[in-house]
Amino acid sequence: MMKEKINKFFEDRYGYDSLGRTLFILAILCIAASFFTQNDKAQQALFIAALFFVFFEVMRLISRNINQRRNEFELYNGLTAAVRYRLYVISNKKENMLLSYEQFKNQSAPSDRVILCPRCKNEIPVPVRAGKHTLKCRKCGKLVQTKN
């Protein structure tokens with residue numbers, strides 16, 4: 001019963017991605033750094049920064065503005081692509097089939113899958129999880145069935 005309510009609440013929400021994971025890690029690092037800082041003002045600043053990161057992460061998690069969250073994610077992906085590619089090359093040095101930098105940078109996130117509403121041609125985001133989904137178009141209200 002409760003699980004169904006939670007699933008229904010998160011049905012049209014953006015959800016969790018690597019930017020959210022990074023914000024969570026930054027919040028943990030700020031809290032850990034505040035324990036090792038002797039200055040009271042620095043401790044307060046780090047704690048406020050941690051609260052900001054957690055607030056921004058939760059706001060992105062429950063947001064219904066999927067296009068704006070996707071734009072934020074793409075900006076984050078573009079800014080961190082060089083660092084992530086270096087880590088990818090280091091971790092996969094022994095493999096023969098490494099992606100080029102452009103191929104790596106242009107990889108799409110799994111949540112980028114959308115379908116078009118047959119009635120109004122509006123984009124409807126498709127959940128990442130497998131199975132049959134009944135999606136409702138936000139523009140015209142038509143129910144569309146899809147299968148992952």
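Mentor: Let's begin with what touching means here: two residues are in contact when heavy atoms of theirs lie within 4.5 Å. Helices (H or I, at least four residues) and strands (E, at least two) are DSSP runs, numbered from the N terminus. This is a predicted model, in which local features need pLDDT of at least 70 and side-chain atom pairs count only at pLDDT 80 or more, while totals for chains, interfaces and linings use all residues. Residue numbers run from 1 along each chain as its sequence is written, and side-chain values rest on heavy atoms, with hydrogens and water left out.

First, the setting. The protein has five helices and four strands, and along the sequence they follow the pattern α-α-α-α-α-β-β-β-β. Of the 148 residues in the protein, 26% are buried; buried means under 20% relative accessible area, exposed over 50%, and partly exposed in between (1.4 Å probe, protein chains only). Among contacts between residues at least 6 apart in sequence, 40% join residues at least 24 apart.

H2 runs over residues 18-36. Its 19 residues reach 27 Å from the first C-alpha to the last, close to the 27 Å expected at 1.5 Å a residue (that is, 1.5 Å times one less than the number of residues). Which residues of H2 are buried? They are Ser18, Leu19, Gly20, Leu23, Ala27, Cys30 and Ser34. These buried residues pack against two other helices, H3 (40-62) and H4 (66-91).

With a relative accessibility of 10%, Ser34 counts as buried. Setting aside residues up to four places away in sequence, Ser34 touches Gln43 and Leu46.

Now go to the other end, where H2 starts. Here a side-chain oxygen of Asp17 comes to within 3.2 Å of the backbone nitrogen of Leu19. Asp17 itself has a relative accessible area of 10%, so it is buried.

In general, side chains of opposite charge can pair when their charged atoms come close. The term salt bridge is used for a side-chain nitrogen of Lys or Arg within 4 Å of a carboxyl oxygen of Asp or Glu. How many salt bridges does the structure hold? There are three, and we can follow them one after another.

Start with Arg60 and Asp17, which form a salt bridge whose closest N and O atoms are 3.0 Å apart. Arg60 lies in H3 and Asp17 in the loop between H1 and H2, so this pair ties together parts that are 43 residues apart in sequence. Arg60 is buried because its relative accessibility is 1%.

Arg60 has another partner. Glu72 forms a salt bridge with Arg60, with 2.9 Å between the closest N and O atoms. This pair links distant parts of the chain, as Glu72 sits in H4 and Arg60 in H3, twelve residues apart. Glu72 also counts as buried, at 16% relative accessibility.

Arg69 and Glu72 are three residues apart in H4, so about one helical turn separates them. Arg69 is buried too, with a relative accessible area of 8%. Through shared partners, the salt bridges join Asp17, Arg60, Arg69 and Glu72 into one network.

Before you leave, look at what else H3 and H4 hold. Ile62 is found in H3, and its relative accessible area of 33% makes it partly exposed. Tyr85 has its place in H4 and counts as buried at 17%. Leaving out residues up to four places away in sequence, Tyr85 touches Leu99, Ser100, Tyr101 and Phe104. Tyr85 and Leu99 are 14 residues apart in sequence, and their C-alpha atoms are 9.1 Å apart in space.

To put the picture together: the buried residues of H2 pack against H3 and H4, and Asp17, Arg60, Arg69 and Glu72 belong to one salt-bridge network.

Terms used: Polar contact = N/O pair within 3.5 Å; in protein donor to acceptor, adjacent residues only side chain to side chain.
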